[in-house]
Amino acid sequence: MAENGSSRHAVSTRYLGFARAEAAGSSAVYERLALAVAADEATLDLLAALPAGKAQPNLLFGALRWHGAPVQDPAAALAWLLDHGDEVRATVLQRSTQTNEAARCAVLLPGLAELAARTDGPLAVVEVGASAGLCLLYDAWRYRYALPGGGEHLVGPAVSDVELPCAVDGLGAAQRLPAAVPAIAWRAGLDLSPLDPADADTRRWLECLVWPEHAERAERLRLALDVAARLRPPVLAGDMTTDLAPLLARARRHLDEVAGRGRGAVVVTHSAALVYLGAEGRSAVRQAIEEAGAHRLGVEGWAVLPDLAPQPPHEHDGGSPFLVSLDDAPLALAAPHGSALTFL
Ligand SMILES: C[S@@+](CC[C@H](N)C(=O)[O-])C[C@H]1O[C@@H](n2cnc3c(N)ncnc32)[C@H](O)[C@@H]1O
């Protein structure tokens, strides 16, 4: 076991798991690279010596691409890493996986609309783990839902620079899609390290975090960052486990002013963010939400579920590992980057 790090065996197991459960079927380049890392003693040594949380595949692979390593060829990439270990280590220590995917709005939108329909006024949205704020801009995107029997359901402005395709399926799918994006009277994000969507360095790092074969996502990211650079969704620096309550109070005050005392609803949204907390952190977030009388709408990996919402009634098949939940109700399964939604 390395100082502050993990054992080589644990790192190897993690990369094998990533190759099989996450990359397979989505990125052959990352699947091959992860399998090669899992079997390479020198790379495992480098990773095992990193602080906890810094040895993860998405971070290493993003850093390799940032430095121009030949990731398409695993043997060449690992040989390159042997010569450039210090640079890659510095990048991994300096940066983190802040992948921002606007398409996650497509899997959260039906829940947002469901909440709005039960509410006597507009919504105030507070996103925790907001990165560059792309998932705060529900009303800027055009949603193109592909229906199970063929046909499409379009939501959002007739003209948008960014279109989000999402295949829907499951219980009453067509009926559960909203006609329009609900009114959002106030919005703000909270992030340990808010990103500026106009900053060239940030934009390049975010592009390095999009998996190699996901060209459509990379293009969408560039367009969505352009929109965010114009609209400037506010993302404040702070830790969601300790700094959420004052932001929820601000959101409530704003709704009281514009909609009348106690009207409308404050909703805390989160996507691929609570996975960065331990059970204690998730419980602190949950408590802040409850104490503020706010709602919670999120899409997260299966592993963080028990701390958020009851398990859905059927077995998870491993093919669609994210779950959308609204308060205590599981609503749907979702593809991790927002391209598909299966209502429960
Ligand atoms: C993978 S990104 C997801 C961004 C966005 N929600 C999305 O789905 O596109 C996770 C974000 O959570 C942030 N984060 C992690 N732990 C946090 C904490 N304790 N408080 C606030 N933000 C945190 C990270 O900085 C990062 O920007």
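## Two domains

Domain bounds here come from an automatic or database domain assignment. In this predicted model, the protein chain splits into domain 1, covering 8-94, and domain 2, covering 104-343. How far apart do the C-alpha centres of the two domains lie? The distance is 29 Å.

## Where they meet

Let's look at the meeting place of the two domains. On one side, 16 residues of domain 1 are in contact, and they touch 12 residues of domain 2.

## What links the two sides

Now for the polar side of things. How many salt bridges are there between domain 1 and domain 2? The count is zero. Polar contacts do turn up, though: eight residue pairs make them across the interface of domain 1 and domain 2, with both residues at pLDDT 80 or more.

## Who does the touching in domain 1

Three helices each supply at least two residues to the side of domain 1 that touches domain 2: α1 (8-23), α2 (28-38) and α4 (57-66). Which of them gives the largest share? That's α4, with six residues.

Sort that side of domain 1 by class and you get eight nonpolar residues, six polar ones and two charged ones.

Note on methods: Residues are numbered from 1 along each chain as its sequence is written. This is a predicted model: local features need pLDDT of at least 70, side-chain atom pairs count only at pLDDT 80 or more; totals for chains, interfaces and linings use all residues. Side-chain values use heavy atoms; hydrogens and water are left out. Contact means heavy atoms within 4.5 Å. A salt bridge is a side-chain nitrogen of Lys or Arg within 4 Å of a carboxyl oxygen of Asp or Glu. A polar contact is a pair of N or O atoms within 3.5 Å; within protein, one must be able to donate a hydrogen and the other to accept it, and residues adjacent in sequence count only if both atoms are side-chain atoms. Helices (H or I, at least four residues) and strands (E, at least two) are DSSP runs, numbered from the N terminus. Ala, Val, Leu, Ile, Met, Phe, Trp, Tyr, Cys and Pro count as nonpolar, Asp, Glu, Lys and Arg as charged, and the others, Gly among them, as polar.
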